[in-house]
Amino acid sequence: MSRARPAAFPEVLVAGGGLAGAATAIWLARGGRQVRVIERDLHPQHRICGEFLSWEAQALLADLGVDLAALGAVPIRHVRLVAGGRAVAAPLGFTGQSLTRHRLDAALLERAAAAGAEVVRGCQVRALEPDGALATSLGPMQADVTVVATGKHALRGAFRAHAGTLDHQLGFKSYFRLQPAMREALADHVELILFSGGYAGLQLVERQMANLCLLVSAERYRAAGGRFDSLLASLCAESAHLARRLEAALPLLDRPLAISRVPYGYVWRPGPDAPALRLPVGDQATVIPSFTGDGMGLSLHGARLAATAILSGQGAAAYGAALARDAAPAIARATLIQKLVGEGPVRQGRLVTLVRLVPGLLTLSARLTRLRPEAVRAAAAGPAARHRGYA
Ligand SMILES: Cc1cc2nc3c(=O)[nH]c(=O)nc-3n(C[C@H](O)[C@H](O)[C@H](O)COP(=O)(O)OP(=O)(O)OC[C@H]3O[C@@H](n4cnc5c(N)ncnc54)[C@H](O)[C@@H]3O)c2cc1C
């Protein structure tokens, strides 16, 4: 991996070397394209993410050559929904995996370099210019194809036309070392803990750390004085379950990671004049509500669709149509479910009662809010996969 100003013009520039950017680069490099990935951070970083890997994400990561077990991923087979004083658990219907983005993103960029992509770290992309060039902290860069994979927030000059349909929450994430009894109680589960103004996801990741990732309304955060520690104290006062889990737990980050205005519900749809050779991937293209635990699966699937469109010479229109076909229905359903459940204790309590009466509802909701297995398999037959003999 290099930091020096690269000399030659690559065929494809990928702005952003996170999950989606690295995956796109791997599939394109395997397809014989000369690819340069430009990543802002010089070293791997923690990311705001629940770090739950769905079966789709796992299948795509396996195709990308990422060995989750070797990286220390932790299996998860059950989901536990908690609201008020009540909890209900159900099998996920598949084995999820849990791994820090710090490890996963680093492994993917290493795979991209191993596949032949040029990885430039410590370089900030400042804008996508009208002619498709990238303005970067190392100067302008140009290629035949530009892929934008810079995550949730808009890059100047890039695609985001609206803010999504649910963007009023703030996100926080931190790691904790739980007491042994709580670690044992949490093992094999992802817990969704609902509270007034939002919800938290809690699960173990590698090295026996627990990932606490939460979304909360701006009002609730303001009511806690705009401080994470006060917010956490107020959530523990509301949820005896969360208080029990975090009792005497050791915070492992100096301060939590935070994010605002995540554009949930967003699906990129290219207009008739959209340039054929500029494509957004990952959260630049689709943003599904986090409770589904499938944002990474969708991002990887989109990356593969984009790579397929580029390798087969089809470009943005074909990619946009495939993305709308595969991703939009799950995103619309997940957004609707999040709006229906709402953020108030009455609806949340009813949800837990309902799920207790009909435990299959959790599994059904998981099925309705993710990619269809046929879509993942069909994309596996495309050129991005064929170049590796996957299909
Ligand atoms: C609160 C929350 C919880 C979530 N939980 C889960 C979960 O449990 N499971 C799941 O599957 N999904 C989850 N997601 C979704 C998942 O995190 C995203 O879908 C995924 O990270 C998208 O990957 P990406 O590569 O598009 O963006 P990112 O992962 O954000 O990567 C973007 C990359 O681009 C780089 N970059 C950004 N700007 C620039 C720039 N200007 N120049 C150069 N480089 C730049 C960044 O440094 C980064 O490496 C969650 C999301 C949120 C907000």
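## Helix packing and ligand contacts in a predicted model

Helix α9 (residues 295-311) packs against helix α13 (residues 373-380) at an angle of about 35 degrees, their axes lying 10 Å apart. Helices here are DSSP runs (H or I, at least four residues) numbered from the N terminus. Axes are lines fitted to C-alpha atoms over the stretch in contact, with angles from 0 to 180 degrees between N-to-C directions. The crossing of α9 and α13 is left-handed, a term for a near helix turned anticlockwise from the far one by less than a right angle. His301, Arg304 and Leu305 of α9 make the contact with Ala375, Val376, Ala379 and Ala380 of α13, where contact means heavy atoms within 4.5 Å. By class, this contact of α9 with α13 comprises five nonpolar residues, one polar and one charged. Ala, Val, Leu, Ile, Met, Phe, Trp, Tyr, Cys and Pro count as nonpolar, Asp, Glu, Lys and Arg as charged, and the others, Gly among them, as polar.

The model is predicted: local features need pLDDT of at least 70 and side-chain atom pairs count only at pLDDT 80 or more, whereas totals for chains, interfaces and linings use all residues. Residues are numbered from 1 along each chain as its sequence is written, and side-chain values use heavy atoms, with hydrogens and water left out.

The axes of helix α1 (residues 19-30) and helix α4 (residues 101-114) come within 8 Å and cross at roughly 25 degrees. That angle makes α1 roughly parallel to α4, the term for angles under 35 degrees. α1 passes α4 in a left-handed crossing. On the α1 side, Leu19, Ala22, Ala25 and Ile26 take part, and they meet α4 residues including Arg101, Leu104 and Leu108. Eight nonpolar, no polar and three charged residues form the contact of α1 with α4.

Helix α10 (residues 316-341) and helix α11 (residues 345-357) have axes that come within 8 Å and cross at roughly 115 degrees. The two helices α10 and α11 are therefore roughly perpendicular to each other, a class that covers 65 to 115 degrees. Lys339, Leu340 and Val341 in α10 meet Arg347, Gln348 and Leu351 in α11.

Around the ligand there are 33 residues, of which Glu39, Gly50, Arg101, Val125 and Met296 come nearest; a residue counts if one of its heavy atoms lies within 4 Å. The table lists polar contacts, pairs of N or O atoms within 3.5 Å.

| Residue atom | Ligand atom | Distance |
|---|---|---|
| Gly50, backbone N or O | nitrogen | 2.7 Å |
| Phe52, backbone N or O | nitrogen | 2.8 Å |
| Ser299, polar side-chain atom | oxygen | 3.5 Å |

Definitions and conventions:
Parallel < 35°, antiparallel > 145°, perpendicular 65-115°, else oblique. Polar contact = N/O pair within 3.5 Å; in protein donor to acceptor, adjacent residues only side chain to side chain.
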